[in-house]
Amino acid sequence: MAVAVGRGFLVQPCSYSSSPIFHNKLYKPSLGSATTFWSTFAPQRYPQVAVQAQQRPTWLPGLDPPPYLDGTLAGDYGFDPLGLGEDPKSLKWYVQAELVHARFAMAGVAGILFTDLLRVTGISNLPVWYEAGAVKFEFASTRTLIVVQFLLMGFAETKRYMDFINPGSQAKEGSFFGLEAALEGLEPGYPGGPLLNPLGLAKDIKNAHEWKLKEIKNDWR
């Protein structure tokens, strides 16, 4: 008995096409007693499988970011497991809140380093930063300091919120003791002017994505 042996390959194409699948058929010749097996194949169709490469890095490799986090925001790696940014208005406010948190964190680090430098060099007898809250200052009581802080922070946060609601409204003449030109903002959340942007960095705020990303990353660290 003669046997013809063959091997088939399953190929998955980019579109519907045929792949060889072997089937055995039995043939009996008219002369002789030999029986021959021939391997033939019949086409079988397979659907197209498309694999799309990930276009940008995400906080968890292989995870698709939500559609409202499209990578245009500074530091956007698609992290929003609770879906807090689904509402566009809420997302805009969360962006401003993250900016404020980042700047407070950086200001706190700068304050720690500066006061420690004064203390170590003997210029001033300041307490260590983690003990400063328990120190009683001679120039004012703790209650007075809390009240003053509430007033100053309340004023600054009110101005910031008003500018968020109506961008540019806080830069109008007479809105801030005549200092509007020195604090002229670039866009909501990014004040400028010689006081807050003395080096003139990121004057073209629309194309300053790299500077925005660096600011947010400083907060993460």
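In the unreviewed UniProt entry, the annotation "binding site" covers Arg-103 and Leu-183. In the predicted model examined here, Arg-103 and Leu-183 from this set both belong to the lining of the largest pocket.

Arg-103 is located in helix α1, which spans residues 88-120. Its relative accessibility is 27%, and Arg-103 therefore counts as partly exposed, since that class lies between the limits of under 20% for buried and over 50% for exposed residues. When residues up to four places away in sequence are not counted, Arg-103 touches Gly-189, Tyr-190, Pro-191 and Glu-215.

Leu-183, by contrast with the helical setting of Arg-103, is placed in the loop between α2 and β4, where α2 comprises residues 142-165 and β4 comprises residues 185-187. A relative accessibility of 26% is the reason why Leu-183 counts as partly exposed. With residues up to four places away in sequence again set aside, the contacts of Leu-183 are made with Phe-176, Gly-192, Gly-193, Leu-195 and Leu-196.

A further residue considered is Ser-124, which is found in the loop between α1 and α2. Because its relative accessibility is 28%, Ser-124 counts as partly exposed.

Note on methods: Residues are numbered from 1 along each chain as its sequence is written. This is a predicted model: local features need pLDDT of at least 70, side-chain atom pairs count only at pLDDT 80 or more; totals for chains, interfaces and linings use all residues. Side-chain values use heavy atoms; hydrogens and water are left out. Helices (H or I, at least four residues) and strands (E, at least two) are DSSP runs, numbered from the N terminus. Buried means under 20% relative accessible area, exposed over 50%, partly exposed in between (1.4 Å probe, protein chains only). UniProt positions are given in the numbering used here, feature names are shortened, and annotations may be inferred rather than shown by experiment. On a 1 Å grid over the protein atoms alone, a cavity is a set of points where a 1.4 Å probe fits but cannot get out, and a pocket is an open set with protein on both sides within 12 Å along at least five of seven lines; lining residues have an atom within 4 Å of a point. Contact means heavy atoms within 4.5 Å.
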